Amino acid sequence: MIIWGGDSSGSPFNTGGRYNPATNSWTATDTVSAPAGRSYHTAVWTGSEMIVWGGYFFDGNQNYLNTGGRYNPGTNSWIATGTTDAPTARSNHTAIWTDTEMVVWGGAGDAGFLSTGGKYNPMTDSWVPTDNTPDPRGHHATVWTGSEMIVWGGNNLNDGDLNTGGRYNPATNSWIATSTTNAPTPRLLPTAVWTGSEMIVWGGYNFNDGDVNTGGRYNPSTDSWSATSTTDAPVGRESHTAVWTGTSMIIWGGYFFDGNNNYLNTGGRYTPDTNSWTATSTINAPAGRETHGAVWTGSSGSEMIVWGGLGDAGYLNTGGRYNPSTDSWTATTVANAPSARTVHGELWTGSEMLVWGGYFTDGLNDYYLNTGGRYDPDTNTWTAISTGNAPDGRTTHTAVWTGNKMIVWGGQAGFIGYYFNTGGRYDPGTDSWTATGSNNVPDGRYRHTAVWTGNEMIVWGGILYSNTYTNTGGSYCAQSGTPTPTPTPCTGRCTPTPRPRPTPAPRPSP
């Protein structure tokens, strides 16, 4: 029997012993190259070695460990376990031996309780993660490819700005990490579009470099990145918008900070086929702004419509329609337009732009809105959205279009106020709202992302109550076209049980 580690009165041991019952005798385990002292670690027997891993020691602070060692009783010697791709440091986890690998899972660490783990092969001294879920984050970018959701970038308190990501396949409920080779520099608040074969991310804020005008194109079929050109690229910025036209990405607006907020009414069209930029006209362009909304109308007029946001004049209820074929702007009417706001939801239905929710302040009070409007570019007119049975007012929520309804979910009201795990389905045909279901709903959050798959809304990431970043989410399945459009069970996996993984706090928003 081999025992090792533990503590006495807070003093961690890296010593142990081998007990032979045949001789009723003990032999000390060597301490040369032994792992650091610890407790609440795990140990497995391979048939020839004992592998210990993880645990923690206390020196006034909790010090969680992701190190370990292999002890060979035949030679009374230790070999350290590798740390490349090892699971995050933890204690109180579990470990088993599979005949070829040690599998560790769960436990608790600096980020709280964990739902991750790893497989360790002593023959190759290598780790393989058992859970490829991206690290917790907010302020990231997301696209839907037609079969996968790709998330990238963002930030969290532990790691700062990120240039990592993952591809989530709802059919298999599994993640694949995105490559970091040649990936853009870490950043938060980038924009992303899907071209049909690539995700293009651009802009955002990096702690070391400030607002950047760089980006990258990610090809999931080859798991590879290529840089976007910076020749003639727009000035670096954050809180801008991006749309995909079918041949080019149009970015517009946002701001950069140089001691002052510089609200921008400039932009650019990026064509991946030629890796080139063309500036958007500023003649008759809307006033500079950030945290506005933008949609692409597609075959219905082929315009980008931007609206709302925050600029030098304060909160805005103005906007404009940009036609890339003529490089020209047309103002959106303010007659019957929704009230001025920022960080609202905005989407295109195929014939109208829907705007809902958002935030403004008058300097004395903060206002979280449950109002909105429908904008018809053919007639340049607004129609108010009903507030009957509408969700509570909020900002930094998400909105998706199902083909006949808008689903809004999540968001917040107040800097340290309520974080919602509620939402609603809006039917423009009847101008009516129905609440989203609450069964197995993910934890309330804001600054998350959402995509529509064709039959489900998938939400992921964001910031939870108590200002903790998360890498959890859920898929919401609702059967459309029924007389009472309440969420109904759908075939296969629809609403996975949320797996909370709390992490210490972020910077506040909005």
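Predicted model: local features only at pLDDT ≥ 70, side-chain atom pairs only at ≥ 80, totals over all residues.
**View 1. Pairing of β42 with β43.** Strand β43 covers residues 353-356, and its pairing with β42 is antiparallel, with four bridges. Across this pair, W348 lies opposite M353 of β43.

**View 2. The open sheet containing β42 and β43.** The sheet is built from four strands in the order β42-β43-β46-β47, paired in the antiparallel sense. Because β42 (345-348) and β47 (381-384) each have a single partner strand, they stand at the edges, and one side of each is left without a neighbour in the sheet. On average, neighbouring strands of this sheet are turned by 20° against each other, direction ignored.

View 3. W26 belongs to strand β5, residues 25-28. Its relative accessibility is 51%, so W26 counts as exposed.

**View 4. Two tilted aromatic pairs.** The structure contains 26 aromatic pairs. In one of them, the ring centres of Y120 and W127 are 5.1 Å apart; the planes stand at 45°, and the pair is therefore tilted. Y120 and W127 are both buried. The pair of Y218 and W225 is likewise tilted, because its ring planes are at 45°, with the centres 5.1 Å apart. Y218 counts as buried at 0% relative accessibility, and W225 counts as buried at 6%.

**View 5. An aromatic cluster.** Y315, Y359, F360, Y367 and Y368 are joined into a cluster through ring pairs.

Key
Residues numbered from 1 in each chain as written. Heavy atoms only, no water. Pairing = 2+ DSSP bridges. Helix = DSSP H or I, 4+ residues; strand = E, 2+ residues; numbered from the N terminus. Axes fitted to C-alpha atoms, helices over the stretch in contact; angles between N-to-C directions. Buried < 20%, exposed > 50% of the residue type's maximum accessible area, 1.4 Å probe, protein only. Phe/Tyr/Trp six-rings, centres within 6.5 Å; stacked < 30°, edge-to-face > 60°.
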